[in-house]
Amino acid sequence: MSRLPGEFDGIFVVHGQQKPMSPPPTPLASVKFVREVKDALGLDDDAAPAAADWVVGKLHRFLAIDAQPVFDMEGQGPLCSACFMIWPLCGHHVLSEWSPDADEEDEAGSDG
């Protein structure tokens, strides 16, 4: 299945303000995404928002689990690989399983 243009635009809604270095606010499903989930799963109006919020939360945690600092092609960074805000001010480091030592461990392990 190929990706449709704009398929993922506007599915997250974030309420509240981001506090630097703290976990990012939990995103909720947009009205557009609630409708999409309702239609796809045949849910009623009461169940659809909870189901859509669950999917959005799961997607956000999946995105964040591998978040790490990266630099863009112009050398700007470190930026978060999940949201492209300044790492670690965005807060995804709290949700990420990435470790600064992991790259060194991978390199040391491959010498064998």
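Leaving aside neighbours within four places in sequence, which residues is histidine 92 in contact with? The views below are of a predicted model, in which local features need pLDDT of at least 70, side-chain atom pairs count only at pLDDT 80 or more, and totals for chains, interfaces and linings use all residues. Residues are numbered from 1 along each chain as its sequence is written, and side-chain values use heavy atoms, with hydrogens and water left out.

View A. Beyond its neighbours within four places in sequence, histidine 92 is in contact with Pro24, His60, Ala64, Ala67, Cys80, Ala82, Cys83 and Trp87; contact means heavy atoms within 4.5 Å. With a relative accessible area of 5%, histidine 92 is buried (buried, under 20%; exposed, over 50%; partly exposed, in between; 1.4 Å probe, protein chains only). Helices are DSSP runs of H or I with at least four residues, and strands are runs of E with at least two, numbered from the N terminus.

View B. Buried in α2 are Ala48, Ala52, Val56, Gly57, His60 and Ala64. Down the helix axis these buried residues fall within an arc of 160°, so they line one face of α2; the arc is that of the directions from the helix axis to the C-beta atoms. Their cover includes β1, β2, α1 (31-41) and α3 (92-95).

**View C. The face of α2 turned away from its buried side.** This face carries the exposed residues Ala50, Trp54 and Phe62.

**View D. Methionine 21 in the loop between β1 (12-14) and β2 (27-29).** Methionine 21 is partly exposed, with a relative accessible area of 45%.
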